[in-house]
Every structure is written in C-alpha cells, then in structure tokens.
Amino acid sequence: MAQATGSIQGSVTDSSNAPILGAVVTVEGSDGSPHTTVTDFEGAFKISSLTLGNYSVKISAAGLSDWTASNVPASVTPESNPLLAVLQVAPEITTVTVGLSTEEVAADQLNREVKQRVLGVIPNYFVTYESHPAPLSPKQKLHLSLKTLLDPATIAAVGITAGIQQAKNSYYQFGQGSEGFGKRFGAAYGSAAENILITSVVADSVLHQDPRYFYSGQGTKAQRAWYAIESAFRAKGDNGKWQPPYAGLIGAISAAEISNTYYPGSRTQYSLLGRALMFHFAGLVAVNLAEELLLKKVTSNRPEAQSAATAPVLREGSPVPLIAVDGFGAGGATAGQTVTFVLAEDLTLRGKVLAKTGDVASGQVDQVSAAKVPGEAGSVALQRVTLRAGNVNVPLRSSQVRGVASQVQYKQLPESGKIEVTLFVAENVQFPEGE
C-alpha cells in the first residue's frame, strides 16, 4: 500500500498584515533533509508530499527577522489549520548609524589618494586601493585632475617629452632654441590637460563614471592581469556597476581633434581618430597592468589593505542557490524577460553570514531550453544577474569557470513546483568589516 503523505501550508505577512512575496520557507523533518519553497504574491505557500510527522519551519525574507516554529505537523488536510507567520523588521535594519556622508567619505579617501607616489616621486593619484571606494563628486573629480596637472612631476615629465622631441627635431615647424622648446612644451602639456579635463572632469561628471583604476589584488597573477586588461575597456559608474567606457572615448577623440589645431603637419580624419583610440586603449592596458602587478609595491602613502580576518571575501566561483519568485515558473520563461530570485540558503564564511536567506537577486533571461521529459531538468541562459547582499552587490554567472559561457540547469522543487537554479559568484567580492 502507498504510504500516506501530508502537506504544510500557510501565509506570510509583515506587521502591517501585508503579504510578503518571495519569503523563503524551509521545512525540515527528523531525518534532517530540508524542503524549500517561496511565497507567492498573496504571501501563501504550500509544501506537499511530506511524510506524516512533525517538522520545524523557518521563514526568511530580506530585511526581516526570521520566523521559526517547531513540531508543526504535516497534515492530510493542511488547509484546516494553516500556519500564519508574521515577520517583524530586523533589529539591525531599524538602527540608525550617524556617520559621514558619502561625499565626506569620498573626500577622506581622496585626501589619501593624492598623497600616493611611485618611488616617493611620481604621482599615482588615479588609482584607489580601497575595498569599497566612495564615488567622487564632480568637484572632487576636478580636484583630482588639477592636482595631477599641477604636480611638479607632471610638469617635469612634459618638459622631458618636449626635450626629446626637440633633440629628434620632431615637429620641425616649431623650430629650435627656446622658442621651439616652448612650443613643444605647450603643445604636449595642452594635450595632456585636454585629455584629463575633458575625460576625468567633464565627461565623467556628466556620464556619472569614475576616472580611477580600481585595484583588485585578488586571484592569481593571470586573473589579475586579465582584470587589468578588461578594465581598460570598461568604466565603473558612480553607482558601482561596470559600464562601457563612454567618457574615455569622448575624451580621447575630443583631445585628438583639439590638438590637431595646433600641432603642425597634415593628418587625415581617419588616421587622427585611429591613432587617438589606439594610443588611448594601448596606454590604458599598459598603465592598468603596471598598477595591478607592479606599482603598489613601490607606491608610498597607500592605505593598507584590510586583513582577510576583518574584511571577508566571497570568492569567485562560490555556488549560490536561488529560487525564482517572479518571471520564471514551471512553464519556463521568454527571452528578454526579467526574473527575480531569492537566496535559498545563507552564504557564510568562517561562521559569518555574508548573504542571508531571502536576499533578492535579479537578472534577465537570454534563452530557455525546456525539459524534454516531465520531471527532468531544463536549462536557461541568464545574463546580468546580481544578488543584493545587504549593501553589497554580488555579480553572478552561470558557469563556475570564468570565461565559459553556458546555460545553467534549472529544476522544479518537487514539493512546491518552484524553480531552483544554482549560479556562481562572478568575481571576488569583499565585504566591509562589520557587514
């Protein structure tokens, strides 16, 4: 005879009696095997096909305290005695921390950055070694740029460049002697000033992008080198997300066009822009590689990195189990559709919870391959999936191995019919101390 089974069902609300969508419900029996689902738009949940007996129930949602109950029976008629769970605001969410504003934090970090010098001489201002640098205001971007342009080492470097050009008789139209040197110096300094001011002040302020290099220091030398190269072809926005390098392109092209008005010689529009972009990206790749692999060792006045004990790092490739809440169900999803997930279980490091069950992630469906046989796993290609763990954004990808594009298998949770996928952390993410 078939063994009788039961179910546990109920509803989840907050203290104002509003239903909670996406609360993670975990039911665990005496055998220790968990059964998981999430609540729907009405805050309701149901887990079926449970062996008759008593279970412990835990319900978690982002920003709310966990709700637990023990000795909850799996009933053949669960609707006769449903669970009613009311989640309260987590105590740490209600506390108010009085401290520095974002601009004040950025000012403090910038004050340290403009003291950084390679070998104690060459300014190394456009790099930040902070694990969580604050975005710069337009005024701070101007300050950083002017500090670089007016530094004696910058002026000396321009003078050396002009001297080499004069010795080689480059731009012979400028002539020789002090007048020729002055013209070469003015042209070289003007090009540098235009590039920095147009890119790092005007374009970066208008487009809300950050002009600095964000030092990683995480992973193998090969991984760090690839990060440096990638950073030459992308820019970090003031919102902390990577973006196409619009400001850098605008600055490189604009500086090339302006410099063409005072540098002698004829250059076609094609060669002018081509050379400008080639030198721009090649120069960035070289500088970024030096910053990532060499210059930190010889840079004075840099802030010391937090130790691993006080600044936990969620490592690249760590598995992240997610349950779909909205936009993806048993019927699959369509390409271009936005999907909302919740974290199925805590992500911990040395006993410290970095991401809590119920934290929300979202991304976009690229392609779906449905299961050919009912009950088997299907596969889905997802892009731009980000988990919000407290105040930290954790980028996710479908493959545990970097650079391998693949679809990820999804499956239905047998007791609830909800869709579960496992993604992986896309890059090392450092959490601030105390998070």
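Q: Starting with E42: buried or exposed, and at what relative accessible area?
A: E42 is exposed, with a relative accessible area of 64%. For the cut-offs, buried is under 20% relative accessible area, exposed is over 50%, and partly exposed is in between, using a 1.4 Å probe and protein chains only.

Q: Before we go on, what kind of model is this?
A: This is a predicted model, where local features need pLDDT of at least 70 and side-chain atom pairs count only at pLDDT 80 or more, while totals for chains, interfaces and linings use all residues. Residues are numbered from 1 along each chain as its sequence is written, and side-chain values use heavy atoms, with hydrogens and water left out.

Q: OK, back to E42. Where does E42 lie?
A: E42 lies in the loop between β3 (34-38) and β4 (44-51). Helices (H or I, at least four residues) and strands (E, at least two) are DSSP runs, numbered from the N terminus.

Q: Zooming out, how many helices and strands does the protein have?
A: There are 8 helices and 25 strands in the protein. Of its 435 residues, 41% are buried.

Q: Let's do helices. What is the reach of α2?
A: α2 covers residues 102-113, which is 12 residues, and reaches 16 Å from its first C-alpha to its last, close to the 16 Å expected at 1.5 Å a residue. The expected span is 1.5 Å times one less than the number of residues in the helix.

Q: Which residues of α2 are buried?
A: A106, Q109, L110 and E113. Looking down the axis of α2, these buried residues fall within an arc of 105°, so they line one face of the helix. The arc is that of the directions from the helix axis to the C-beta atoms.

Q: Why do residues three or four places apart point the same way in a helix?
A: An α-helix has 3.6 residues a turn, so residues at that spacing point the same way.

Q: What covers the buried residues of α2?
A: The cover includes β10 (127-128) and α3 (138-149).

Q: At what angle do α2 and α3 pack?
A: About 10°, with the axes 11 Å apart. That makes α2 and α3 roughly parallel to each other. The axes are lines fitted to C-alpha atoms, for helices over the stretch in contact, and the angles run from 0 to 180 degrees between N-to-C directions. Angles under 35 degrees count as roughly parallel, over 145 as roughly antiparallel, 65 to 115 as roughly perpendicular and the rest as oblique.

Q: Which residues make that contact?
A: On the α2 side, E103, A106, A107 and L110; on the α3 side, Q140, H143 and L144. By class, the contact of α2 with α3 has 4 nonpolar, 2 polar and 1 charged residues. Here Ala, Val, Leu, Ile, Met, Phe, Trp, Tyr, Cys and Pro count as nonpolar, Asp, Glu, Lys and Arg as charged, and the others, Gly among them, as polar.

Q: And α4, how far apart are its end C-alpha atoms?
A: They are 22 Å apart, which agrees with the 22 Å that the 16 residues of α4 (residues 152-167) should span at 1.5 Å a residue.

Q: Which residues of α4 are buried?
A: T154, V158, G159, A162, Q165 and Q166. Down the axis of α4 they fall within an arc of 140°, so they line one face of the helix. On the other side of α4, P152, I160 and A167 are exposed. The cover over the buried residues of α4 includes β9 (122-123), α3 and α5 (177-207).

Q: Changing topic, what is the phi of L119?
A: L119 has a positive phi of about 55° although it is not a glycine. L119 sits in the loop between β8 (117-118) and β9, and is exposed at 64% relative accessible area.

Q: What about R384 and its phi?
A: R384 also isn't a glycine, and its phi is positive, about 55°. R384 is in strand β21 (residues 378-389) and counts as exposed at 61% relative accessibility.

Q: Last one: what is L293 in contact with?
A: Leaving aside neighbours within four places in sequence, L293 is in contact with K221, R224 and A225. L293 is found in helix α8 (residues 269-293) and counts as partly exposed at 27% relative accessibility. K221 is in helix α6 (residues 221-232) and is exposed, at 65%. The C-alpha atoms of K221 and L293 are separated by 7.6 Å, at 72 residues apart along the chain.

Methods:
Contact means heavy atoms within 4.5 Å.
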